[in-house]
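User: Please take me through this model in short questions and answers. Here it is.
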Amino acid sequence: MTSLYLDHGATSFPKPESVTKAVAWALEHCTSPGRGGYIEAMEGAQRVYGCRRAAAEMFDCSIEQVVFTSGCTQSLNMAIRTLFHPGDRVVVSGFEHNAVMRPLSERKVKILTAGNCLFSWENMLEEFEKILQSGVQGAVFTHVSNVFGYILPAEKMAVLCRNYQVPFIIDGAQSAGILPVSLRKLGADFIAIPGHKGLHGPMGTGILLCGTIPEPFIAGGTGSESESLQMPDFLPERGEAGTLNVPGICGLEAGIRWVMEKGVSHILAHEKEILRECTEILKGKNYRVFTGEPQGGVLSFIPPQDCEAYADALARKGIAVRAGLHCAPLAHRTAGTLKTGTVRMSFGPDTSEETVKKLGEIL
Amino acid sequence: MKWCYVKFRSITRAQGGQQILNRRGISSRLVRTPRNIAPRGCGYSLMVPEENLSLVSEILKNEGVSFETDLQTRKVVGI
């Protein structure tokens, strides 16, 4: 059994007790929302609305702009299919996950990459603007690198996109619940968010914040305007065909409220402190450690042996980390670590000093 | 008491409308829109007492919420 969990970048674990309870409660008390008028269906609908309201509060948008998905990947797919068409030129950062790169590739767009230096906002902004000037139909960029924890200058990149009138998508996979994210201030067409990472909800939950009406990812029943064979043209139903994951959404609301109670800035400060301590331990062992500013609670390093073998050795000692390419080969190509991969430690609000101490002893 | 239906295109809008009315101390009941007044198919409505209809309409319009009213008043159906 894992005793030191350092893989919050993949999914937060263990979940807060309130999340577990909310999921169990929903399973006992809720049925399909937006389909019936009886007590359990209406209870389900009210809980879904409650989660929309919590998300709207956290991400500074209207309740109807919150579309529930199965996760950040589905959110990104929906956003990318809405905005881009074959042959479009789309600029991305050099630190994108395959959840961005594969849908773009499938869409047959020409991908242009900006930013080839870790932790350099100057480099990122200069290259990004140069590509925007050259003429593109859109931009997609991550807020925080899932491999290196590098916090990109998303606010400044958003301003550039708006100035050049380029539609854009932000991948909030590693930032939601750790950094302030405001749909209104960023002015993004879409922001994709996982429910199960920094928001501490169950796996299988996600959100697409919609500044633009999306094209449906799937079509089907919405419980509204059923005579029409077209998906509704309004939010959030346009993006939500089929029965919603009500237990997951109930858990997600509990997770969002748990995060709001702790405070996003407090969580970031805590994770940065843990990161600093772990960096010292790893540097003390003469590993190559990727640190810089600004950085969130994700830390990559290269041990002397194969990174997967190293992670396996840690797993046998009860330490959960992730190794390899982390589904982000572009980020590794940018950082020059494609051949080796890295070992990644990622921290959460509950990663304790005690955990760091134990880690130091085991290593 | 006679009731009117304030109809919305989505349950989310109906819930938003109900929240606005709650804040103003006006109670309403969220229900499925009766089939014979839902020309586009399924939907949700807020049932409000007939005497509150004009006030409710004014509040929702001022808040920018889109809705339709069914002026045909109904008695609550019993079984």
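User: Is R184(A) buried or exposed?

Analyst: This is a predicted model, where local features need pLDDT of at least 70, side-chain atom pairs count only at pLDDT 80 or more, and totals for chains, interfaces and linings use all residues. Residues are numbered from 1 along each chain as its sequence is written, chains are lettered from A and ligands numbered from 1 in the order written, and side-chain values use heavy atoms, without hydrogens and water. Buried means under 20% relative accessible area, exposed over 50%, partly exposed in between (1.4 Å probe, protein chains only). R184(A) has a relative accessible area of 58%, so R184(A) is exposed.

User: Which residue forms a salt bridge with R184(A)?

Analyst: A salt bridge is a side-chain nitrogen of Lys or Arg within 4 Å of a carboxyl oxygen of Asp or Glu. Here the closest N and O atoms are 3.1 Å apart. The pair links distant parts of the chain, 124 residues apart. The partner of R184(A) is D60(A).

User: What area is buried between chain A and chain B?

Analyst: Contact means heavy atoms within 4.5 Å. By that rule, 22 residues of chain A are in contact with 19 residues of chain B. Buried area is the accessible area (1.4 Å probe) that two parts lose on being put together, summed over both. Carbon and sulfur atoms give 45% of the area, which is about 1700 Å².

User: How many salt bridges does the rule find across the interface of chain A and chain B?

Analyst: R35(B) forms one with E227(A), the closest N and O atoms being 2.3 Å apart. R13(B) and E64(A) meet in another at 3.4 Å, N to O. R13(B) lies in helix α1 of chain B and E64(A) in a loop of chain A, so the pair joins two chains. Across the interface the count is 5.

User: Which residues of helix α12 of chain A are buried?

Analyst: Helices (H or I, at least four residues) and strands (E, at least two) are DSSP runs, numbered from the N terminus. On the other side of α12(A), K357(A) and E361(A) are exposed. The buried residues of α12(A) pack against β1, α9, β11 and β13 of chain A. They are T355(A), V356(A) and L359(A).

User: What is the relative accessible area of S145(A)?

Analyst: S145(A) lies in the loop between β5 and α6 of chain A. Among the residues S145(A) touches are F95(A), Y150(A) and V298(A). S145(A) is buried, and its relative accessible area is 0%.

How values were computed. Lists of a residue's contacts leave out its neighbours within four places in sequence.
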